[in-house]
Amino acid sequence: MYTHPRILKISALTLGVAGVLAVAGQVHASAFELRENSVKAQGRAMAGSASAKGDASVVVNNPALMSTFEQKTVQGDVTAIDLSFEFNGGGSAAAGSPLQQPLTGGDGGDAGGVTPVPAMSFILPLSDRFEYLTLGAMVSAPFGLKTEYDTDWVGRYHAVESDVRIVDLTLSAAVDITDRFSVGFGAVIERADVTLSNAIDFGSSLCANPATQPLCFQPDPVNGPYGPQKNDGFVSIEGDDTNLGWIGGLNFRPTDRVSLGYAYRSEIKHEISGSADFTVPSNVTPILAGTGQFVDTGGGARLVLPSTHTFSGTWQATDQLSLMAEAALTGWSSMEEVRIQFENPAQPDSVEDYNWHDSWFYTIGAEYAINDRFTLRGGIGRDESPIAFQHRTPRMPDQDRNWYAIGLTWAASDQFELSAAYTRIQMADDPEVDIVSSSGSRLTGSYDGGANLFGVSAQYRF
């Protein structure tokens, strides 16, 4: 029997926890960022989200704007993200070795699906006691999405299931400095839950290791019990963490028709901790005996969610027409690397380089009041990807994307209104991937992706 203390150098937790950084938001915001916390703003392609009045989602988008509310307001938003995400390509197992062979399996099916993204906000003006103070609270999901490939697809060694859920509770306050200038601050309590999985090509790793390579030639490379894609295992990762961040905002209203906003969201650093559940083929288990590797264990990694700067403007051009513009900078450059540390001392630390860059989101939009009860809106936007070609993976085949949005609000009464929005998000180009897994599996191909966003919301003032 051939053994080696580092017989396999597959870092399953790297494929898992680091996948948090490369899994969600493939086609609806830069990298895995979610912007869908306001149906009204969504109908303008998010233009004016930090400067337009009358939208309670400003609790997180720009807390300074809460000071423009004169009544208690409760608002519920939900957006269904219908993601289509299909791969076309192939690859090779044991790439670069004498045992190299085409990857088997299908294209993975449509890895997308329909995922609801809810949000709930409440604004409380304190004009009866504290004339210049307004409080607010909001539950929202700033990052996260679910994708899932077929378990036997060609890229199974890179990704199968990816389920990332990040939920914020934000508590904010706004203060009027003057009649035309207000500031806002908020505390963010953030919960991150992660579940990710992928297959492991133990056969390729056995053949690549000099200590176990002879096993791949008994009785020969074709008919032997070991070899690329003959000894597949599986790993599933779960992890979570809760931590704190903060937001701040400014709102300047130089005239009754102009509103300018700036909002900042801080980085939030998570120490993700969880467990790795390994499934090892029965004929591989004896070979791993004594190495201590690929047994169920705990582990952890630091996940730094990026800061954002938002610059926003709204102009009431006429009594019926409003024009909005917005630019947002997401600080993805904080995503330099992920270092995984295992509770199992036999499993060495693993590091993955990301080297993402900061990215901009630009958008313009408009609203038109048809009459006292109905308001029509629309917008277009451009969302830059922070990920260069060499860093794309099946978990994140990210690319620049375009937004096209329309929306409508019906004021059923002076206190109650309903809003709806539809947004189409389309990749600017088909993203390509060319990546090698830790077991030597090379995947090459392109993705055809897009998303339809359907949002509804209700707001009640009292």
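This is a predicted model: local features need pLDDT of at least 70, side-chain atom pairs count only at pLDDT 80 or more; totals for chains, interfaces and linings use all residues.
User: How many residues line the largest pocket, and which lie nearest its centre?

Analyst: The lining holds 40 residues. Nearest the centre are Lys40, Lys53, Gly54, Gln316 and Glu367. By class, the lining has 16 polar, 15 charged and nine nonpolar residues.

User: Which strands each supply at least two residues of that lining?

Analyst: Among them are β12 (321–330), β15 (359–369) and β16 (374–383). Others include β8 (258–265) and β20 (442–461).

User: How do β12 and β15 pair, and what joins β15 to β16?

Analyst: β12 and β15 are antiparallel, with 10 bridges. In that region, Ala325 stands opposite Ile364 of β15. β15 and β16 also run antiparallel, joined by nine bridges, and Gly365 has Gly379 in β16 as its bridge partner. Four residues separate β15 from β16 in a hairpin.

User: Why does the radius of gyration of the protein chain agree with a compact globule?

Analyst: A compact globule of 462 residues would have a radius near 23 Å, and the protein chain has 25 Å, so the two agree. Along its principal axes, the C-alpha trace spans about 85 × 40 × 30 Å.

User: What share of the 462 residues is buried?

Analyst: Buried residues make up 55% of the protein chain. Of its contacts between residues at least 6 apart in sequence, 75% join residues at least 24 apart.

Key
Residues are numbered from 1 along each chain as its sequence is written. Side-chain values use heavy atoms; hydrogens and water are left out. On a 1 Å grid over the protein atoms alone, a cavity is a set of points where a 1.4 Å probe fits but cannot get out, and a pocket is an open set with protein on both sides within 12 Å along at least five of seven lines; lining residues have an atom within 4 Å of a point. Ala, Val, Leu, Ile, Met, Phe, Trp, Tyr, Cys and Pro count as nonpolar, Asp, Glu, Lys and Arg as charged, and the others, Gly among them, as polar. Two strands pair if DSSP finds at least two bridges between them. The radius of gyration is taken over C-alpha atoms; the globule rule is 2.2 Å times the number of residues to the power 0.38. Buried means under 20% relative accessible area, exposed over 50%, partly exposed in between (1.4 Å probe, protein chains only). Contact means heavy atoms within 4.5 Å.
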